[in-house]
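User: I am new to this structure and would like to go through it step by step. Could you answer a few questions about it?

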Amino acid sequence: GPDFSGAASLEEELTHRMTYLFHVWRDTPAGKVFTGLLIEMQSTPEAIERFRTEALIPRRIESTKIFERAKIRGEIDLETKISALLDLLYGWSWYRLLTGNLACDDDFNSTIRLIARAGRGD
């Protein structure tokens, strides 16, 4: 996908990336294939492991960079576990995918804002 790494803030970068991702899931053949894989992977432990290694791990590595840049900018605490922030982001986005709610609406913006703020200690 496009490179949004020049975004001014974590919230802005997450908004750009997730808006693009929701568009792909909602409006492209690749999105339909991904949804099918997500559902199919539930069938066997082998399918889950294949999905994790071929689809999930490369995406998590890319997504980790978003939060690492935010740490460098001081937007999230140094001791914040990036893996926990990724679980929040992925859990929310896959819930929206599997329930057919890929609108970039007020709830979308509010959730992005909350995830972007979740790594701060306040």
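The questions and answers below go from the overall fold to single residues.

User: Which kinds of elements does the protein have, and in what order do they run?

Analyst: The model is a predicted one, and in it the protein has five helices and zero strands. Read from the N terminus on, the order of the elements is therefore α-α-α-α-α.

User: What percentage of the contacts in the protein with a separation of 6 or more comes from residues 24 or more positions apart?

Analyst: A contact here means heavy atoms within 4.5 Å. Among the contacts in the protein with a separation of 6 or more, the share that residues 24 or more positions apart account for is 62%.

User: How many positive and negative side chains are there, and how far apart do the centres of the two sets lie?

Analyst: The protein carries 16 positive and 19 negative side chains.

User: Which residues does Phe51 contact, leaving aside its neighbours within four places in sequence?

Analyst: Once its neighbours within four places in sequence are left aside, the residues in contact with Phe51 are Phe34, Leu37, Leu38, Met41, Leu56 and Trp94.

User: Is Arg96 buried or exposed?

Analyst: Arg96 lies in helix 4, and beyond its neighbours within four places in sequence it is in contact with residues including Phe22, Leu102, Asp105 and Phe108. Its relative accessible area is 4%, and because buried means under 20%, Arg96 counts as buried.

User: Is Gly100 buried or exposed?

Analyst: Gly100 belongs to the loop between helix 4 (82–98) and helix 5 (106–118). Its C-alpha atom is separated by 8.5 Å from that of Arg26, a residue 74 positions away along the chain. The relative accessible area of Gly100 is 64%, and since exposed means over 50%, Gly100 is exposed.

User: How far apart in space are Ile82 and Glu68, C-alpha to C-alpha?

Analyst: Ile82 lies in helix 4 and is buried, with a relative accessible area of 12%. Leaving aside neighbours within four places in sequence, its contacts are Thr64, Phe67, Glu68 and Lys71. Ile82 and Glu68 are 14 residues apart in sequence, and their C-alpha distance in space is 7.8 Å.

User: Which residues does His16 touch, not counting those up to four places away in sequence?

Analyst: His16 has its place in helix 1, where it counts as partly exposed at 35% relative accessibility. Glu62, 46 residues away in sequence, has its C-alpha atom 14 Å from that of His16. Not counting residues up to four places away in sequence, those that His16 touches are Phe4 and Ala7.

Definitions and conventions:
Residues numbered from 1 in each chain as written. Predicted model: local features only at pLDDT ≥ 70, side-chain atom pairs only at ≥ 80, totals over all residues. Heavy atoms only, no water. Helix = DSSP H or I, 4+ residues; strand = E, 2+ residues; numbered from the N terminus. Lys, Arg positive; Asp, Glu negative; His and termini not counted. Charge placed at Lys NZ, Arg CZ, Asp CG, Glu CD. Buried < 20%, exposed > 50% of the residue type's maximum accessible area, 1.4 Å probe, protein only.
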